[in-house]
Structure formats: C-alpha cells, structure tokens
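This report is meant for someone meeting the structure for the first time. Please look through the sequence and the model before reading on.

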Amino acid sequence: MQELFRKSNLVWLLSIGMMIVFFIVLPAAAKEGSGRSDDKSASLTTENWNMGITVEGTPSYTALVGRLVSDVGVFRSARSTQAATIFPAPASQKTIKTASVYVLSRSGTYTGTVTLSLEIYDLSGSLQHKVNTVDIDLQTAPTDAWIPLTLSTSAVNLSISPGEFLAFTYRLNGVPGGNLDVRPLFDVSVE
Amino acid sequence: MIKRITKILLVALLVAMLTAPFQAQASPENAPEYGRRQYLRTGFILVSSSKYGGVAGKGASLAVQFRSDRHNDVYFVFPAVSGKLYVRQASYYLLSRSGAYSGNANLSLEVYDFNGSLQRTLSVTKVNLQTTPTQTWSTISLPESIDDCQLQPGEVPAFHLALDDGVGGNLDVRSIFEVATEPSTLTFLKFFFPLVVRK
C-alpha cells in the first residue's frame, strides 16, 4: 500500500514537472532566444517612422513617384502655402502612440504664421483625420530639442487604415512669401 | 480510479508533447511569432539588372513607376539585412494604371543574391498588372511552408515588374509595396513552438 502511494506521488510529481517545463520554461526560453529581451519596453509590432518624402502642395501619394526618401523635411515659405512630409503607407491598420518633431535648422522669416500639424490622408490626398490637437508654430518652436506633439484623445484620429497614410503638414496662413526655411526631423511611434 | 485518471492524463500529456513537432507546417500568416516584426516599405529602383551594387548612389523610394515602353524588367529592391529572416506577409497597392500592353506584364516577389542571381520566387502566382485591382491593398500568395519564405544573409527580397513580350505599348503602372518579416530563432525552440507560443 505504501509502495503504491509512493508510485502515485512519483507519477504526479513527474506530470507537474513536465507541465512546468513545457508551458513555463520553454516559452520563457523562447522569448530570450528570439531577441525579445531587447524589446522589453516595446511590443512586437511597434514601429518608429522617421523617414519620409516631402512634397509641396496637396499631399497626394502619387506625387511620391520619382522622389527620394529622407529623414529631414523641408519647408520654404517662398515656395507654396502648403507642403507635407509623407510617411510610407501601411498595408494594415496602425495606431499612433507618440509623435515628436525636432527643428534641425531655421533661417529667414515670414510675416504671417507657419504651422506644422500631423494628419492622416487617403492615398488620393483627401484629409481624413487630424492627429494632433495643438499645432506647432514653426517660427517660435525651439531648435535644440525634441518637441512631443499633443495627440488627439479620439482613437479614430490616431488610427491609420489600409489605403491611408500619415503626413506632417506645413501651412502658411497667407500667400507664399518671405524667406523662412525650416528643416525638421520626425519620430512617430506606431503599433 | 484516481490512479487510472492519472495514467490517462500522463499519457495524453506525453502524446501532446511528442506530436507537437509533427503538426502540420505552419503557413506564413499564422506561423508562431519569433521576434519583432519589421515592415519593409522603402526600397531602391533597379532597371534591367537586379545586381545589388546598382543601388550605390541611388536614393530610396516609396513608389515605383513601370512603363512598358521603357524597360523589360524593373526591380523594387529592399535594403539588405545581416540576419536570417522569414517573410510573413507581402502586399502591393497600385496607385494608378493607364495604357495597354499586348503581352503579359507581371509582378512577382523574388529573392536575389547580391550578384543579382535569382535564389527563389516567393510569390506562388504572378500578379497580372493589367487586370489586378487598383487603389486597394492586395496580398501576395506566399508558399505554404514558412521554411520556403526564408531570407538568408546575403539575399534581398525584390518586387519584380516584368514584360514577357519585349518593350512596347503604353502601359503605365505606379505601385507601392509592403513586406512583413520576422527574425529567425533557435531550431529547438521552433521544434517546440507549435504548442507553446501563438500570436
């Protein structure tokens, strides 16, 4: 009877041990071995977007053909009332988590206001959503620091659907003029 | 009675563990995740030759224009990486299409070495650029087995736009692309993964 009890205990211990190895130890080792340990603060689907193409006028995606990707945007007040730095269009739904701007250089002036905002367009260039709540004044924004954007609290405004793209849009409140030249960097985190 | 239930549980557990590696091959879309997913959307445009040295001095692009009166072959080549990767999903979006071409104008996803030699074709079927829908994201059909979707160090994935009947006509296609990749993992973990890690 005592021997039977011991055997039964042994069977239970073996079963529990195998379950621990199979369901706890192996998955933990898997995470370690697959490089996830480097991404403790980021989910497996987080992307950082900082390369785009700057176009003057309406930000139609077709306008990107033949233009080159850069990590620095450019806006010159003498050229057009509107321009945009466009990020690559995703094929699946993305949610914007954070967005920041760094004014790398600024020279010249413009008599009116010049603003920068983060917006979502469809691929034909129609505005769908405005992502930030407070526009950045490109003539007064600091030039030596990353500036975080205040994002909309509406989930809809932070969501990029297939067939849409994200763009930083530069706007003058008047006609082209002056000689303001601004070169910003961008960092947008999406999941 | 308890002893019998214990035995049954133990046998079931052993069977589950032993059969895990022999489960059906996971397809690229639903195979377990091995690491952080990376999306390739920016690439370089090569004309006529897919030799990777051709990207030197070129700027990166987000979109490609393919005109049937200009070139037989145009490649949208993604940047090379040093580690082994798996292609998990590939999509394309035709921004616009105009004109016509008398032969076939096809799109396929291929893998090349740095010398421009074709290593394998990832797209199961070629996309007919004259009939595929425009202004919507479409998915490329990938091989059934995730093992057939590997990218080895020294290889680059590329979308290949090709004519089969020589240059001519006035077909004009403008397209953008996305390829989702994930890094490789240790073999023994992959062996056990089917049961322990799912997205």
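How many aromatic pairs does a search of the whole structure find over all chains? The search finds 15 of them, where the rings of Phe, Tyr and Trp (its six-membered ring) pair if their centres lie within 6.5 Å, and where planes under 30 degrees apart count as stacked, over 60 as edge-to-face and the rest as tilted.

## Aromatic pairs

The rings of Y61(A) and F165(A) have their centres 5.1 Å apart and their planes at 50°, so this pair is tilted. The pair links distant parts of the chain, 104 residues apart, with Y61(A) in the loop between β2 (53–56) and β3 (75–76) of chain A and F165(A) in strand β11 (residues 164–172) of chain A. Helices (H or I, at least four residues) and strands (E, at least two) are DSSP runs, numbered from the N terminus. Y61(A) counts as buried because its relative accessibility is 1%, and F165(A) counts as buried as well, at 0%; buried means under 20% relative accessible area, exposed over 50%, and partly exposed in between, with a 1.4 Å probe and protein chains only.

Elsewhere in chain A, one aromatic cluster is formed by W49(A), F87(A), F168(A) and F186(A). A contact of another kind involves both chains: K94(A) lies over the face of Y39(B), at 3.7 Å from the ring centre, a charge being placed over a ring if NZ of Lys or CZ of Arg is within 6 Å of the ring centre and within 35 degrees of the ring normal.

## Basis and confidence of the model

This is a predicted model, in which local features need pLDDT of at least 70 and side-chain atom pairs count only at pLDDT 80 or more, while totals for chains, interfaces and linings use all residues. Residues are numbered from 1 along each chain as its sequence is written, chains are lettered from A and ligands numbered from 1 in the order in which they are written, and side-chain values use heavy atoms, with hydrogens and water left out.

The average pLDDT of chain A is 86, and 79% of the residues score at least 70; pLDDT is the predictor's confidence in each residue, from 0 to 100. Over residues 29–41 of chain A, pLDDT stays under 50, and for this stretch the model has 18 contacts beyond four places in sequence, contact meaning heavy atoms within 4.5 Å.

## Layout of chain A

Chain A has one helix and twelve strands, and from the N terminus on its elements run α-β-β-β-β-β-β-β-β-β-β-β-β. Of the 191 residues in chain A, 43% are buried. Among the contacts in this chain with a separation of 6 or more, 79% are accounted for by residues 24 or more positions apart.

Strand β5 (residues 94–107) of chain A runs antiparallel to strand β10 (residues 159–160) of chain A, to which two bridges join it, and K94(A) stands opposite I160(A) in β10(A). Two strands pair if DSSP finds at least two bridges between them. Ten bridges connect β5(A) with strand β12 (residues 181–190) of chain A, also in the antiparallel sense, and there V103(A) has P184(A) as its bridge partner. Three bridges join β5(A) to strand β9 (residues 146–148) of chain A, again antiparallel, with V101(A) partnered by I147(A).

## The nonpolar core

Which residues have the most contacts inside the largest nonpolar core? They are I96(A), L166(A), F168(A) and V188(A), in a core of 31 residues. β5, β6 (114–122), β11 and β12 of chain A each supply at least two residues of this core. A nonpolar core is a set of buried Ala, Val, Leu, Ile, Met, Phe, Trp, Tyr and Cys residues joined through side-chain atoms within 4.5 Å. Leaving aside neighbours within four places in sequence, I96(A) is in contact with several residues, including I120(A), L166(A) and V188(A).

## A buried loop residue

N132(A) is found in the loop between β7 (127–130) and β8 (136–137) of chain A, and at 3% relative accessibility N132(A) counts as buried. The C-alpha atoms of N132(A) and L118(A), 14 residues apart along the chain, are separated by 5.8 Å.

## A covered strand in chain B

In strand β11 (residues 155–163) of chain B, nine of nine residues are buried. Strand β4 (residues 73–77) of chain B pairs with β11(B) in the antiparallel sense over five bridges, and V74(B) stands opposite L161(B).
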